[in-house]
Amino acid sequence: QVQLVESGGGLVQAGDSLRLSCAASGRTFSSYVAGWFRQAPGKEREFVAAISWDGGSTRYGDSVKGRFTVSRDNAKNMMYLQMNSLKSEDTAVYYCAVDRKRSGRYGVPTTPGAFDYWGQGTQVTVSS
């Protein structure tokens, strides 16, 4: 069992930066793919970023490429999402997730269905 808790959300202005954190329980967090998704009101859950167990492989959604950076610190059981140049369309609830079926050695998934464990989410609101 993996429990995930997101933090770091808030209200910012367009162009600002924000860093989200995801704290994971359980010693097995470091062995698996982890990712970030987001969901805006009335929209489907959208892939944001994913990272392999060792940080060696990452993928990003097209809408955040070049602005967001995913990283992890396995010694602390933490994952982060650095968000720069925020836009109003980045407004959403952000979720972290873990895929306990994959380490990411052969790539990381991008679909919500691939991930087994989810946090409760943290709200990010970007005002224009």
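Modeller: The side chains of E46 and R38 form a salt bridge with an N to O distance of 2.8 Å. A salt bridge here is a side-chain nitrogen of Lys or Arg within 4 Å of a carboxyl oxygen of Asp or Glu. This is a predicted model, in which local features need pLDDT of at least 70 and side-chain atom pairs count only at pLDDT 80 or more, while totals for chains, interfaces and linings use all residues. Residues are numbered from 1 along each chain as its sequence is written, and side-chain values use heavy atoms, with hydrogens and water left out.

Biologist: Is R38 buried or exposed?

Modeller: R38 is buried, at 5% relative accessibility. E46 is partly exposed, at 32%. Buried means under 20% relative accessible area, exposed over 50%, and partly exposed in between (1.4 Å probe, protein chains only).

Biologist: Which residues are linked with R38 in a network?

Modeller: Salt bridges link R38, E46, R67 and D90 in a network.

Biologist: And how many salt bridges are there by this rule?

Modeller: The count is seven. Among them, K101 pairs with D99 at 3.1 Å between the closest N and O atoms. K101 is exposed at 51%, whereas D99 is buried at 0%.

Biologist: Turning to the sheet, what is the strand order?

Modeller: The order is 1-3-8-7 in an open sheet of four strands with antiparallel pairing. Strands are DSSP runs (E, at least two residues) numbered from the N terminus, and two of them pair if DSSP finds at least two bridges between them.

Biologist: How many bridges join strand 7 to strand 8?

Modeller: Six bridges join these antiparallel strands, and D73 stands opposite M78 in strand 8.
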